[in-house]
Amino acid sequence: MKRARLIALFSVFPLVSIFGGLLMTGFADGLSWGYEGEEGPASWGALSPEYALCADGSAQSPIDIRGAHALDLVDIEVHYGESANKIFNNGHTIQVDVDPGSHIIYNGITYDLLQFHFHAPSEHSIAGETAPMEIHFVHQDPNSGNLAVVGILLTEGENDSHAYAAVFDHLPAQVGEPEAQGDPLNLARLLPETHGYYSYQGSLTTPPCSEIVRWLLLDTPVALSAEQIAAFRAIYDGNARPVQPLGARDLLHDSG
Ligand SMILES: [Zn+2]
């Protein structure tokens with residue numbers, strides 16, 4: 001009996017410590033990074049040669065939106081359908097993996113919607129002002145591998161967002177695998193009515209900070225209730241990279 005108990009103790013201990021590590025910093029790509037301290041954004045570029053762009057890049061995201069050039073840009077053609085709510089906690093954020101079929105067409109290129117996820121507070125700011133949260137709809141051109149990310153600032157309103165209820169009613173506090181929860185999502189309802197947007201060429205806002213992203217930040221926010229925002233922030237509060245220099249890049253605005 002004594003021996004069995006000892007073995008049990010030893011076999012449980014590493015699991016506990018690994019799991020604790022995952023909760024603190026995440027592990028999606030095997031290299032540990034986070035939002036605080038020695039693994040925080042200021043250190044990402046030094047954590048691994050694969051993350052060098054986080055420090056040395058010239059087209060990094062997010063940015064502060066100011067001084068945008070007003071232009072009549074092409075529309076973002078949104079073709080979103082339904083998807084199971086395959087929600088999970090990936091160690092850095094809450095993410096929903098999306099069923100195949102939903103996509104956008106931008107500048108003649110079809111980008112498939114892969115997933116969406118959240119940051120609190122927002123990563124992009126507008127004239128220095130952050131929003132309580134930001135959502136990123138991540139799309140990929142299967143031919144080039146390039147990404148188009150539609151970003152939406154989430155503000156606090158009076159009422160629950162019904163469109164987002166299926167997501168915010170099932171936020172997983174523990175790191176885990178995608179698992180369908182509740183009713184299917186009507187993805188088009190997650191977007192605001194108008195589609196004016198800011199556009200610039202940038203990067204992933206997480207390691208490895210790859211500079212492969214056409215950013216399309218909608219200029220109309222979506223409102224969530226204080227309770228919905230608090231439910232997310234109880235799990236992740238501060239999973240936002242600081243803004244990066246715009247540098248020589250064009251920042252464009254189509255007011256829809
Ligand atoms: Zn993001």
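Modeller: Glu-129 lies in the loop between strands β9 (125-126) and β10 (133-140), where helices (H or I, at least four residues) and strands (E, at least two) are DSSP runs numbered from the N terminus. The model is a predicted one, in which local features need pLDDT of at least 70 and side-chain atom pairs count only at pLDDT 80 or more, while totals for chains, interfaces and linings use all residues. Residues are numbered from 1 along each chain as its sequence is written.

Glu-129 is exposed, because 10 other C-beta atoms lie within 10 Å; with C-beta atoms placed from the backbone, a residue counts as exposed at 12 or fewer such neighbours, as buried at 20 or more, and as partly exposed in between.

Strands pair if DSSP finds at least two bridges between them. Strand β14 (residues 197-202) runs antiparallel to β15 and is joined to it by six bridges, with Tyr-200 having Trp-215 as its bridge partner in β15. Strand β11 (residues 147-157) runs parallel to β15, with five bridges joining them, and here Leu-147 stands opposite Val-213.

For the protein as a whole, the secondary structure comes to five helices and 17 strands, and buried residues make up 36% of the 256 residues.
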